[in-house]
Amino acid sequence: MSKSKGYYIIEGERKDLISAYPGVMKKIDQQMIILEEHFEMHTLFLEQKGGKIAKRILPGSRLYQWEKLIKEIRKPVFIYIRKPGLDKGIVFFLKAIKRRYPGTAVILEIPTYPYAKELYSHNIKNYPLYIRDILTHKQLKNYVDRIVTFSEDKEIFGIRTIPIMNGIIVDDIRPKQPKGESSEIHLLAVATFQKYNGYERVIQGMGDYYSQGGDRNIILDLVGSGDVLEEYRELAENLGIQERVRFHGPKYGEEAVPYFHNADIALSVFGCYKNGIFLSSALKIREYLAYGLPIVSGVKEDIFAAHPFPYFLRFKNDPSTVDMKAILRFYDKCYNSDRNCEQLISEIRSYAKKYADMTRTFSPVTDYLLNVLKQQ
């Protein structure tokens with residue numbers, strides 16, 4: 001018996017997304033694996049560059065690109081869209097789909113909400129895009145059935161939400177191996193470094209620790225590329241700790257694995273306050289847990305909100321300096337003599353399997369879609 005069709009729409013070209021946002025593309029691929037257990041899935045990529053026709057008929061709306069996608073869709077049970085730039089083109093697309101296939105469920109995933117500060121506040125030239133976004137999202141409730149959110153919002157743009165957490169396929173990751181004896185304590189951050197990562201708070205904390213006579217050997221490993229790395233480098237140099245803050249550049253796939261295995265503590269985000277975000281669903285946290293790493297963050301993490309986890313330390317979601325002595329106490333608690341490293345890794349990974357695996361975290365979406373299928 002053939003499966004019913006589902007379509008997943010992503011903005012951008014696959015190769016560009018893999019290069020610029022490998023974590024995002026990996027997450028999408030894993031969502032597709034879960035959806036393919038129940039549906040015949042098709043991935044469609046929305047071109048980002050406007051063609052001549054789109055610019056002439058409807059400037060900035062990418063009408064031509066949306067028209068191309070309509071022609072590729074046949075009898076869908078649902079269409080899942082990872083939030084693109086909002087413009088008249090998406091309204092045109094959704095209106096056409098609902099007219100042709102009235103029973104189709106339209107799901108819009110918004111990876112970050114609220115997103116206005118992150119997307120539009122850093123450049124005055126983005127203001128027209130912000131206005132266009134507002135005008136567009138007011139119309140979405142006429143065509144979108146559910147919004148998938150990683151926030152705690154029950155409704156966005158007047159549309160009911162499906163709140164979920166980010167997840168990964170835990171078995172795709174090998175747990176880290178216990179390290180041998182070492183005097184170095186490695187803090188690891190793997191990211192595409194942007195202002196909201198906020199690692200200047202950690203670097204400043206390291207500077208304060210050593211200026212006050214701290215003598216333990218802390219190393220901060222920053223793996224990835226990003227706009228703020230030069231600021232971090234300059235800050236480390238000004239504080240005289242440049243040899244302790246190491247910039248490794250972007251690493252993908254197997255070449256990134258040694259950094260996870262060498263880490264003692266993994267760092268989540270410390271600058272969410274800059275974007276008005278108070279709950280994180282960072283994908284990287286799930287990877288850290290799958291490797292078996294304790295976590296330190298500067299914001300509330302959704303995955304730890306409902307289920308106690310002793311290997312998590314949270315700092316305030318504000319610009320205050322991260323207290324390195326608190327991190328060292330946390331390190332000593334995690335790696336105490338009564339618990340061997342294998343046990344620590346096993347406990348953390350078991351938590352990841354129970355609460356961070358994609359089969360669990362994405363189930364509210366699949367349950368909703370299967371219910372849609374039953375009603376057709």
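Hi everyone. Let me start with a definition: a residue is buried if its relative accessible area is under 20%, exposed if over 50%, and partly exposed in between, using a 1.4 Å probe on protein chains only. Helices (H or I, at least four residues) and strands (E, at least two) are DSSP runs, numbered from the N terminus.

Two words on the source. This is a predicted model, where local features need pLDDT of at least 70 and side-chain atom pairs count only at pLDDT 80 or more, while totals for chains, interfaces and linings use all residues. Residues are numbered from 1 along each chain as its sequence is written, and side-chain values use heavy atoms, with hydrogens and water left out.

Let's begin with strand E9, residues 217-223. Six of its seven residues are buried, so E9 is largely enclosed by the rest of the structure. What does E9 pair with? Strands pair if DSSP finds at least two bridges between them. Strand E8 (residues 184-190) runs parallel to E9, with seven bridges between the two; Glu184, for instance, has Asn217 as its bridge partner in E9. Strand E10 (residues 245-249) is also parallel to E9, joined by four bridges, and there Val223 stands opposite Gly249.

The chain goes from E9 through helix H9 (residues 229-238) to E10 in a right-handed β-α-β crossover. Right-handed here means that, with the strands pointing away from the viewer, the path from the first strand over the helix to the second runs clockwise. E8, helix H8 (residues 200-211) and E9 likewise make a right-handed β-α-β unit.

Next, the nonpolar cores. By that I mean sets of buried Ala, Val, Leu, Ile, Met, Phe, Trp, Tyr and Cys residues joined through side-chain atoms within 4.5 Å. The largest has 65 residues, and Leu267 and Leu289 have the most contacts inside it. Which helix gives the most to this core? That is H13 (residues 324-334), with seven residues. There is also a second, separate core of 29 residues, including Ile73 and Leu108.

Back to Leu267 for a moment. Contact means heavy atoms within 4.5 Å. Setting aside residues up to four places away in sequence, Leu267 touches, among others, Leu187, Leu220 and Tyr288.

On to the rings. Phe, Tyr and Trp rings (for Trp, the six-membered one) pair if their centres lie within 6.5 Å; planes under 30 degrees apart count as stacked, over 60 as edge-to-face, and the rest as tilted. The whole structure holds 19 aromatic pairs. One of them is Phe260 with Tyr288, tilted, at 6.1 Å centre to centre and 50° between the planes. This pair links distant parts of the chain, 28 residues apart: Phe260 is in helix H10 (residues 257-262) and Tyr288 in helix H11 (residues 283-291). Phe260 counts as buried because its relative accessibility is 3%, and Tyr288 does so at 1%.

Another tilted pair is Phe309 with Tyr351, at 4.5 Å and 45°. Both are buried, Phe309 at 11% and Tyr351 at 8%. Ring pairs also link these two into a cluster with Phe304, Tyr311, Phe312 and Tyr355.

Last stop: Thr366, in helix H16 (residues 363-375). Is Thr366 buried or exposed? At 5% relative accessibility, Thr366 is buried. Beyond its neighbours within four places in sequence, Thr366 is in contact with Ile34, Leu35 and His38.
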